[in-house]
Amino acid sequence: MKQSRGPDSHRRLSRREFLAMAFTTVAGSAVAGSLLTSCRTDQASTPSTPEPSGVATQTRVSATAVEPTITPLPTDVPTPTATSTPTSTSTPRPQSGTGQQDLVNQNPIVRAPDGVSRVVRARNAEVWEGEALSHEALQEMVSRSITTLTGIDDARTAWAALFRPDERIAIKVNAFRNSLIWTHVPLVTVVTDALQDAGVPAENILIFDYLTSELEKAGFAVNHNGAGIRCYGTDNNYTGGFEIVGRSIELSNCLLGCDAVINIPVLKSHMMAGLTFALKNHYGTLRTPQSFHSGTLINHGIGELNGLPPIKDRTRLIIGDALTACLRYRNSFPYWAPDYTGDSITMSFDPVATDAVALDMLAGMMREHDVSTDFALSRAAPWLEHATEIGLGTHRLEEIDLQELLL
Amino acid sequence: MSKHPWIYLGTLLLVALCVGACARPTPSNSSPPSSGGEVDLAGVLSAGGELSDWSLDGEAELYDEETLFDLVNGQADAFYAYNFRRVAVQRYQGNSDGVLRIELWELATPHDAYGLFTRNVAGTPPAMSIGNDTDEDPGHRLAFWQDRYFVEARSFQRLPEGHLAEIAMAIARVLPHGGERPALMAALPAKDRIDHRAVFFRLEISVQDEIWLGGENILGLGPESEGVLARYEIAGTQAHLLLVQYPTDADATTALRRLQERNTAALAAAETRGPVLTALFSVLEPDAAQSWLQSVPISAP
C-alpha cells in the first residue's frame, strides 16, 4: 500500500529556500566538524581520571565450619572453613628453647606467652657461588635456623616436631610471572629435603603459587600427580565462602587441601604495600588480589586475609628468602627484578615479626644503595600495625627476639 | 532549477562533505593511521616480525583496564596514573637464538605516553632517535614514545649493535606519528641539573619512590594539573625540584599551603610562580634552598 503524500510533498524548492538550506547544512557541518575536533583535542589534552582496576564479581558461598581432617594424600576438593574475624586472643605456644619435642598442631601464628616473637636471620657471605647458590651453605642456614628457632638441638628432630609424616604440607612460594625475582628453587629444595628427611613423603609436599605456568617460568619442576614432590599452581581452582574487608573472596584449593603451610616469600619493595614478604605473599593464595591493593583494602586486607582460619591455622613456619631483593620496583618489564644480592634467610613462626624484620632489612639495603626508604616505610606501617592489632603477631621491634646467625 | 532539484541537493551534499572533512583533525603524517582511531596493537607489533632477523614467537598478549593486573600485578596503579588504555606484549625469536620481548602501551594522550616513558628512563641519552624520545641500555633495552604510545623492547641476551634499533624503527614506522613533550618540561632550569631524567607525572604515585608526600594527594593533583620532578645537585647536595602547573594561580597557592602545612622534613623551599608550584626537596638549609630557587628562571609555560 502506498502512503499518500501531503499537499506540500511535491513543492519545489525556491532559490531562497535552497540557499538557506545550503547555508544551514554547510554551517552545521562545519560546526559539527569543529566540535568533533574540539572533542578530540579535549580528549587529548584532558585525560580522564584513571579508573581503578575492576573488581571481580564475587559470589558468596555459604561457609561450613568443618575442620580439616588429616589424610595421607592431598585431596582435590577441600572443605572451606568458616569466615571469621581474627581476634587478638593468644593461644599459648611453647617458648623457644624449652626443648619441647611436639610442636605440631599448636597454632604458631601467635606471640609467645611472654610477648616476644622470635625471628632468626641466618647470614652466609658464601651462599652465592657466582651465579649459583651453594646447596651446602643453604643447608647449614636452614638447619641452624630451625634449631635456633625451636630450641631443639637436632635439625631433623625439629622438623619432625613441626611436621608429621601423615600431614599434607603446602609450600607457598612467590613466583610472579612478569618478574625476574622469585623464591629461589635451591632454598625450597633444601626445605623439601629436610621435610623428607624428617619422614614426610615427597608426595605429601606441594609447592604452589597462583599459576602453574609461572612456577615453571621461575624454575620449579611442575609435577601434578607423578611420583615425588608435587608442584603446580592454583590455576582456576578456588573455593569461596570467605570474606575480608567486607568482600567475599575465594581461596586456593592448594591451600585448603593441605594440613600445614610453609610460607617462603622473597624480599621485594612494592608500590602499594611498600614491602611484599610474608603476609602479602598470601595475595597469591586469593583469586582476586587486584581487588585489595589500595587504601583500607590493602591496609586491612593483608591482615584479614592472613587471619582467616585456613591460612592462620595452617601456617606453621615462615622462611624468608632474602638471598636477593628487589629494592626498586619498575614500571616496565620486568616489573620486579633482583637489584640486590643478599646473603640471608629468615625463619619464624610469626609472619608479622618476619615482615617487620624484613622491612628493616629492606630499608637498610635501600640506604646502602641510595634509594629513598620513605615510601616503603610509610606504606608498610598501616598494614603492619593492623596485623598486630588483630593478633597475628607483632611488628614492634622491641617485642621481637631477633637472633642473627653469622655463618 | 525547478526542473532539476536533485542537482542542487547533490551540490549541497558535496559542499557539506567537503566542509565537514576540512574540519577534521589532520594527522601529522599522512601515511600512518590517525592517533584517534583504533590501532591494531598486535598488528603493529607484527611489523617487527617482518624483519629478516626476527620472527614472532606466538601471538601477542593483549591486556586492557580489566586485565592489566595479570600483567603487572600490584603495579597497575602506576599505569592508571598515566591514563592506561591497552597494552600488547609480543615475543620474538631471533635467528641467532636471541629472544626479545616488546611491550606496546596505549595511553590516553601523548603526554601520558611521554610520562610513562620518563618513568622508565634509565639515565643516559642514546645517540639514535626513534619516535619522539628514545632511551637505551645498549644491546638489552630500547624504549621510545610516539603519539600516545610507549614502546619498550627488551632482550634477555645482549644483542649486536643495531638489532634493537632496527626492530624499534619497524614498529615506529607503523605507529601513528606525532605528539609533543608537555610545555612544562621546558620550564625546568638547566642550572645544576644532574641528568636528563625528569619524571613527568599526573599523580603523586608516579614519583613516590623519589619523594614521599604522604600518599594523600596534598598537592591536589587532578586531570587539569601536570607535574615534573627532576634531580639537581646544589652546592654538592642532592636535591629534587618539583614543578606542578595548575589551571589557576589560586590552585597553586592552595597546594603550596597544604604542602607547607604537611611539614615534610625533606621540603627545603617552596613558592608559587603564577599557576606553577615550585618546591625543592633537599637537606639544604632553607635559606640556601630559597636562594637557589629564586636564582633560577622558572616560567609558567
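Trainee: Which residue in E12(B) is the bridge partner of Arg273(B)?
Mentor: Strands (E, at least two residues) and helices (H or I, at least four) are DSSP runs numbered from the N terminus, and two strands pair if DSSP finds at least two bridges between them. E11(B) and strand E12 (residues 276-282) of chain B run antiparallel and are joined by six bridges. Within this pairing, the partner of Arg273(B) in E12(B) is Val276(B).

Trainee: What pLDDT do local features need in this predicted model?
Mentor: Residues are numbered from 1 along each chain as its sequence is written, chains are lettered from A and ligands numbered from 1 in the order in which they are written, and side-chain values use heavy atoms, with hydrogens and water left out. In this predicted model, totals for chains, interfaces and linings use all residues, side-chain atom pairs count only at pLDDT 80 or more, and local features need pLDDT of at least 70.

Trainee: Which strands form the edges of the open sheet of chain B?
Mentor: The sheet has five strands in the order E8-E9-E10-E12-E11 (chain B), with antiparallel pairing. An edge strand pairs on one side only, and this applies to strand E8 (193-201) and strand E11 (267-273) of chain B.

Trainee: By what angle are neighbouring strands of this sheet turned against each other on average?
Mentor: Axes are lines fitted to C-alpha atoms, for helices over the stretch in contact, and angles run from 0 to 180 degrees between N-to-C directions. With direction ignored, the average for neighbouring strands of this sheet is 15°.

Trainee: What angle does H8(B) make with E11(B)?
Mentor: Helix H7 (residues 249-262) of chain B packs on the sheet, touching E11 and E12 of chain B (contact means heavy atoms within 4.5 Å), and its direction makes about 165° with that of E11(B). H8(B) also packs on the sheet, touching E9, strand E10 (237-245), E11 and E12 of chain B. The direction of H8(B) relative to that of E11(B) is about 30°.

Trainee: How many of the residues of strand E6 (residues 141-146) of chain B are buried?
Mentor: Buried means under 20% relative accessible area, exposed over 50% and partly exposed in between, with a 1.4 Å probe and protein chains only. Arg141(B), Ala143(B) and Trp145(B) point one way from E6(B), while Leu142(B), Phe144(B) and Gln146(B) point the other way, and all are buried. E6(B) is therefore largely enclosed by the rest of the structure, the buried count being six of the six.

Trainee: Which residue in the turn between E6(B) and E7(B) has a positive phi?
Mentor: On one side, E6(B) pairs with strand E5 (residues 133-137) of chain B over five antiparallel bridges, and in that hairpin, with three residues between the strands, Gly139(B) takes a positive phi near 85°. Six bridges also join E6(B) to strand E7 (residues 149-155) of chain B, again antiparallel; there Ala143(B) has Glu152(B) as bridge partner. The hairpin of E6(B) and E7(B) has two residues between the strands, and the turn residue with a positive phi, about 55°, is Asp147(B).

Trainee: How far apart in residues are the members of the pair Tyr232(B) and Trp292(B)?
Mentor: Rings of Phe, Tyr and Trp (its six-membered ring) pair if their centres lie within 6.5 Å, with planes under 30 degrees apart counted as stacked, over 60 as edge-to-face and the rest as tilted; the count comes to 14 pairs over all chains. Tyr232(B) and Trp292(B) are edge-to-face, at 5.3 Å centre to centre and 65° between the planes. Tyr232(B) is buried at 0% relative accessibility, and Trp292(B) is buried at 4%. Tyr232(B) lies in strand E9 (residues 226-234) and Trp292(B) in helix H8 (residues 286-295) of chain B, so the pair links distant parts of the chain, with a separation of 60 residues.

Trainee: Which residue lies over the face of Phe333(A)?
Mentor: Phe333(A) belongs to one aromatic cluster that includes Tyr335(A), Phe79(B) and Trp105(B). A charge sits over a ring if NZ of Lys or CZ of Arg is within 6 Å of the ring centre and within 35 degrees of the ring normal. At 3.6 Å from the ring centre of Phe333(A) lies Arg101(B).
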